[in-house]
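Please walk me through this structure, feature by feature. I would like the general idea each time, then the case at hand.

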Amino acid sequence: MSVQAVPATSGDSAEGLSVPVRKRLLRLMLLSRALDERGMTLQRQGRIGFYVPVEGQEGAQVGCAAALEPEDWLCPGYRETAVALTRGVPLTLLLSQLYGGRTDLCLGRQMPNHFAFRQYRFVSTSSPIGTQIPHAVGLALAARLKGEKVVAVTFFGDGATSSNDFHSGLNFAGVYKAPVIFFCQNNQWAISLPRSKQTRSETLAQKAEAYGFPGVQVDGNDVGAVYAAVKEARARATAGGGPTLIEAVTYRMGPHTTSDDPRRYRSPEELALWKSRDPVERLKEALEKEHALSEEEFDQLLEGARAEVAAAIQEVEPLPPPDPLTLFDDTLSRRTPQLEEQRAAFLAEAPVSGRKE
Amino acid sequence: MTESTLIQAVNQALREAMRADPDVILLGEDIGVNGGVFRATEGLLKEFGEDRVMDTPLNESGIVGTAVGMALYGLKPVAEIQFLDFIYPAFDQIVSELAKLRYRSGGQFPCHVVLRAPYGGGIKGGLYHSQSTEQLFTSIPGLKVVVPSTPADAKGLLLSSIFDEDPVLFLEPKRIYRSLPGEVPEGDHRVPLGSARIAREGADVSVFAYGAMVPVAQQACQGLDAQGIHPELVDLRSLVPLDEAAVLRSVEKTGRAVIVHEAPRFCGYGAELAAILAEKALYSLKAPVVRVTGYDTPFPYALEHLYLPSVDRISRAIERTVRAA
């Protein structure tokens, strides 16, 4: 079994986090998990086309996003649902994207979990691995040029550290000392490839050294430790100290996506080991140990999260798909003469019933 | 009006745009201290400083990816790709990100970046300093592709590109960077994207060209006047969006079409033009459409003069077309 050693902590570090704050983070983690439960099922039932679960990585995502300011820019990958929730993106907006219905801000144009929320500075997500990494550098440089004291944070996994744009982005950020946080969730598996076969490097964090800035490895299932590491990186960046690579060591407890069967490539023992390090359980136990949370209260939080998700599904599911004519919008700021002609032909040929108003 | 070379006109457009708008940022390899390998950015570092004229590490994907991020913020980045031949490491950024951000986000994240890239042969550049691969980009929805052929248009089209709302690939015909100076209007001279230019009026045959092929085709047309053949030369200027109305208008008038480009013929831009003519102007045509293009091979070094469409090849094609029926 090739499980990377995790920086040793037990329970959960409470550095700088009050009980109410940690309870808020726990609620967000549970909300993400409740959405995962339903998301996987909705796909199996044929009600949505695809789903990408976060399960196991909630501590890393919530801890990171909670340590940021609302004006910081986020360049996410496609497994960042808990980041969006922590940012304050309403469940109904997330679910609208999963359904691709009339209220989807992306007009049903992307597969589920490829979110975009301009209002939350949550940049549009694509499927190619690592392409978002240099975008964070550009955003950070632009913000610095405009005198804005913000950072850009880009999210990616262990697999992305092999991508071209991981190198492009980290190298540019190092050269320009850009206020960027490279937040790598090392969840041990890039679909079927284990972390040990992704790179010979001992850690992913150490790759930062070659680019001339700090890299830190943190227990990604310890929400408090992640929070503290991101706070520190953010402070350094906004003080002109340049970028940081954070490797949050965590685990994808579910499949890569609804199209994946992890039993083909990893053992039940490994999964069991990581389930014993479940970030939700760890935060729960830590709070319980401090007598700040009862079993009953936890159950209420979980049931509350499930009810919120169920209510949002009810609200979003009946909405009709986007107007068919939106097919022809937003490729460029204005349609080319050729696209205008294609739209006219579509309009002339489309059966009236095809337009659900 | 002052007489300038095409590369000087590019420089004037960049300077003009940067003076007018502090959001215009340049980035690319060797564009700062060195002023660009072709000197397109000469003097700009001195005037605008290194925050706005950024020498970048040698990584095209990093250049385009960083420019995308700047544009998402609201800046107007103009990135130089040293040669079009070196743009491929950035292909993922261009195809997957730049060209799709507006669409995939439902219009929330428009991404306006200008990519300037010298392209084309005739400079003894061999395989990797000569290619014309515009067709790879004209087939990607979400990108505009612009190619000037005169100094005045280089300035006017570049200024329009910088102040456009969409991503633009701005292809500069490096073969005529310095060889054909022309009058360039002072100040904020703009040429709208998507409008072709009638480089020369004629009645017998329409010749369609762009970039460095325009002056070659022009010479061919002039030579045929003596033989009583009067071609019309249409400089497309903008490949996306294409001024289809101008193309059709010309062929409806002349009934004949010759298409000229440096790029290989198979699935080249000329194939799209020929298809448009077949779909929409067939009954105006008196002769088959003819293409004069590079061959379906990599770009040669020693024999580039035989590979590139020449005055002779274009003249023969025009004659053949006119005499076909």
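Q: What should I know before reading the numbers?
A: This is a predicted model, in which local features need pLDDT of at least 70 and side-chain atom pairs count only at pLDDT 80 or more, while totals for chains, interfaces and linings use all residues. Residues are numbered from 1 along each chain as its sequence is written, and chains are lettered from A and ligands numbered from 1 in the order in which they are written.

Q: How is chain B divided into domains?
A: Domain bounds come from an automatic or database domain assignment. In chain B, domain 1 spans 2–184 and domain 2 spans 197–323. Their centres, taken over C-alpha atoms, are 26 Å apart.

Q: How many residues of domain 1 of chain B are in contact with domain 2 of chain B?
A: Contact means that the C-beta atoms of two residues, placed from the backbone, lie within 7 Å. Here 27 residues of domain 1 of chain B meet 23 residues of domain 2 of chain B. On the domain 1 side, helix 6 (134–138), strand 6 (144–146), helix 7 (151–162) and strand 7 (168–173) of chain B each supply at least two residues. Helices (H or I, at least four residues) and strands (E, at least two) are DSSP runs, numbered from the N terminus.

Q: Why is helix 2 of chain A largely enclosed?
A: A residue is buried if 20 or more other C-beta atoms lie within 10 Å of its own, exposed if 12 or fewer, and partly exposed in between; these atoms are placed from the backbone. Helix 2 (residues 58–66) of chain A is largely enclosed by the rest of the structure because nine of its nine residues are buried. Among them are Glu58(A), Gln61(A) and Cys64(A). The cover includes helix 1, helix 3, strand 3 (180–186) and helix 9 (223–238) of chain A, and also strand 7 (244–249) and helix 11 (279–289) of that chain.

Q: Which elements cover the buried residues of helix 4 of chain A?
A: The cover includes helix 1 (19–44), helix 3 (81–87) and helix 12 (295–316) of chain A. Seven of the nine residues of helix 4 (residues 91–99) of chain A are buried, including Leu91(A), Ser96(A) and Tyr99(A). Gly100(A) follows the helix, with a positive phi near 65°.

Q: How many residues of chain A are in contact with chain B?
A: 36 residues of chain A contact 38 residues of chain B. Helix 5 (132–145) of chain A gives the largest share of the chain A side, 10 residues.
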